[in-house]
Amino acid sequence: MKQGSFKAVCLVLLAIIAVGAAYGDDITINSTSIILESFDGDSPYVWKVMGSKFATKTDAGEWPQASLIAAWPQALHGINREGKELKSLGVWGRFDRQGFNWIDIYPTAADGADSGDGPNNVEIPIPGRIQYLDIWTWGSNLDYTLEAYFRDYQGVIHVVELGHLNYQGWKDLQVRVPASIPQAKRVLPRLAALTFVKFRVWTPPTEPVADFRIYFDQFKILTDTFESLFDGDELALPERVEELWNASN
């Protein structure tokens, strides 16, 4: 190998090592499965829905509507011989016109707290660095599309497509979160956790939209919760820093 080529290879290796040192916690070390929402009615969230422009409004009611329904995927819970209070989130949609309609499904605070981003809207904090998300979804063979929306530490919204709903019955829709979504930063604390904002269901112009229902159960993530330890690491924890400074005043 010529001397010039050898130096170039060394510089590339040094660059790789430097990046690895700066963002070392990006490497998966402790993957943990966490259920963010069971839809069994025991979470701190109440799920609401909102439709796009042509959502149906009549004297009988307005759509979309959402409610917790006593139904669940047997592949997940079996036939429930124990008689547990199992539920899923049912979404009932109607639109006046076919087209690119959408329904947003978003969490609100069950205790009435207000995040300032609309009435009672909240975003679900993501522990660690999310790698995969999955949600059981009941499809009626309509070719709708399901998306998940996340917000990064700079306030930027990222859309992750979970897939199409053109199948029959329950299916666990799973997707890997793209590495392009930032979940770490150079300065301490390195963790730059995401927040979950909402799900969105899209209808294409070719599919009927006059009357349909979709069900959701167990919203789960696989996330890396490992954080490197170092001398003084507690001073990089925002809650610990606040505690120390409050104690000093």
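**Figure 1. Phe 196 is a buried residue, with a relative accessible area of 0%.** The view is taken from a predicted model. Phe 196 forms an aromatic pair with Phe 150, and the arrangement of the two rings is edge-to-face. Their centres are 5.7 Å apart, with 70° between the planes. The partners come from distant parts of the chain: Phe 150 belongs to strand β10 (residues 145-151) and Phe 196 to strand β13, a separation of 46 residues. Phe 150 also counts as buried, its relative accessibility being 0%.

**Figure 2. Trp 47 and Phe 199 form a stacked aromatic pair.** A search of the whole structure returns 12 aromatic pairs. In the pair shown here, the ring centres of Trp 47 and Phe 199 lie 6.4 Å apart and the planes meet at 25°, so the pair is classed as stacked. Distant parts of the chain are again linked: Trp 47 is in strand β2 (residues 45-51), whereas Phe 199 is in strand β13 (residues 195-203), 152 residues apart. Both Trp 47 and Phe 199 are buried.

**Figure 3. Ring pairs join seven aromatic residues into a cluster: Phe 39, Trp 47, Phe 150, Phe 196, Phe 199, Phe 216 and Phe 219.** The cluster includes Trp 47 and Phe 199, whose rings are stacked. Phe 150 and Phe 196 are also among its members, and their rings meet edge-to-face.

**Figure 4. Charged side chains sit over the aromatic rings of Trp 63 and Tyr 153.** At Tyr 153, the charged end of Lys 185 is positioned over the ring, 5.8 Å from its centre.

**Figure 5. Leu 235, Leu 244 and Trp 245 make a nonpolar surface patch of about 350 Å².** One of these residues, Leu 244, lies in helix α3 (residues 238-248). Leu 244 has a relative accessible area of 31% and is therefore partly exposed. The accessible surface of the protein chain comes to about 14,300 Å², and carbon and sulfur atoms account for 55% of it.

**Figure 6. The protein chain contains 3 helices and 14 strands.** This legend sets the close-up views in the context of the chain. Of the 249 residues in the protein chain, 38% are buried. Among contacts between residues at least 6 apart in sequence, 74% join residues at least 24 apart.

How values were computed:
Residues numbered from 1 in each chain as written. Predicted model: local features only at pLDDT ≥ 70, side-chain atom pairs only at ≥ 80, totals over all residues. Heavy atoms only, no water. Phe/Tyr/Trp six-rings, centres within 6.5 Å; stacked < 30°, edge-to-face > 60°. Helix = DSSP H or I, 4+ residues; strand = E, 2+ residues; numbered from the N terminus. Buried < 20%, exposed > 50% of the residue type's maximum accessible area, 1.4 Å probe, protein only. Lys NZ or Arg CZ within 6 Å of the ring centre and 35° of its normal. Contact = heavy atoms within 4.5 Å. Areas by Shrake-Rupley, 256 points an atom, 1.4 Å probe, with all protein chains shown as cover. Patch = residues over 30% accessible without salt bridge, like charges linked within 9 Å, V, L, I, M, F, W, Y side chains within 5 Å. Salt bridge = Lys/Arg side-chain N within 4 Å of Asp/Glu carboxyl O.
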